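This report is meant for someone meeting the structure for the first time. Please look through the sequence and the 3D view before reading on.

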Amino acid sequence: MESSSPTNMQPGPRSAEWGGLSRHLLSRVDELQEVLSKERQNYITLQQLTYRLQEANIQAKDEIRCLRSEKQALEDQMNRQTVAYEKSLLAKTEEAEEMRRQVSPAQSIL
């Protein structure tokens, strides 16, 4: 009695089909492994890029915070200087008005 197990297969047209199918499957497995390898590398590359972009984003946000702080300090300084100049201008205007009042009576005497 003959068994139909693969070890008892006689060479012939069926074994040639199995051999071709086996080579085809092995070829497909190799292709899929290559695709998987490329996808893994793409994933690693994307992870690295994401990390670098996150770091750049953090640095940009820090720089923005610093620039906003500097801007606020400059605005505060400008406001203080404006107030000081306005006070100085008011004092000089009052001084000029006082001088005009003193000159007017002196001119009327002449």
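## Salt bridges along a helix

Across the whole structure, a search finds 6 salt bridges. The model is a predicted one, and its chain has a secondary structure that comes to 1 helix and 0 strands.

| Salt bridge | N to O distance | Relative accessible areas |
|---|---|---|
| Arg28 and Glu31 | 2.8 Å | Arg28 38%, Glu31 38% |
| Glu34 and Lys38 | 3.4 Å | Glu34 47%, Lys38 51% |
| Arg100 and Glu97 | 2.5 Å | Arg100 52%, Glu97 34% |

The pair Arg28 and Glu31 belongs to helix α1, where the two residues stand 3 residues apart, which is about one turn of the helix. Arg28 counts as partly exposed because its relative accessible area is 38%, a value that lies between the cut-offs of 20% and 50%. Glu31 is likewise partly exposed, with a relative accessibility of 38%.

Glu34 and Lys38 also both lie in helix α1, and here the spacing is 4 residues, again about one turn of the helix. Glu34 is partly exposed at 47%, whereas Lys38, at 51% relative accessibility, counts as exposed, because the exposed class begins over 50%.

Arg100 and Glu97, whose side chains meet in a salt bridge, are 3 residues apart in helix α1, so about one helical turn separates them. Within this pair Arg100 is exposed, its relative accessible area being 52%, while Glu97, with 34%, is partly exposed.

## Surface and nonpolar patch

How much of the chain is made up of buried residues? Buried residues account for 0% of the 110 residues in the chain. The accessible surface of the chain comes to about 10500 Å², and 58% of that surface belongs to carbon and sulfur atoms.

Which residues make a nonpolar surface patch? Trp18, Leu21 and Leu25 do so, and the patch they form has an area of about 310 Å². Trp18 has its place in helix α1, which covers residues 13-109.

## Confidence in the model

The pLDDT of the chain averages 86, and 79% of the residues score at least 70. Over residues 1-6, however, pLDDT stays under 50, and for these residues the model has 1 contact beyond four places in sequence. A careful reading of the predicted model can therefore keep the pLDDT in view, as this is the predictor's confidence in each residue.

Key
Residues are numbered from 1 along each chain as its sequence is written. This is a predicted model: local features need pLDDT of at least 70, side-chain atom pairs count only at pLDDT 80 or more; totals for chains, interfaces and linings use all residues. Side-chain values use heavy atoms; hydrogens and water are left out. Patches are made of residues with over 30% relative accessible area and no salt bridge: like charges are joined within 9 Å, nonpolar side chains (Val, Leu, Ile, Met, Phe, Trp, Tyr) within 5 Å. Accessible areas come from the Shrake-Rupley method with a 1.4 Å probe; for residues, only the protein chains shown count as cover. A salt bridge is a side-chain nitrogen of Lys or Arg within 4 Å of a carboxyl oxygen of Asp or Glu. Buried means under 20% relative accessible area, exposed over 50%, partly exposed in between (1.4 Å probe, protein chains only). pLDDT is the predictor's confidence in each residue, from 0 to 100. Contact means heavy atoms within 4.5 Å.
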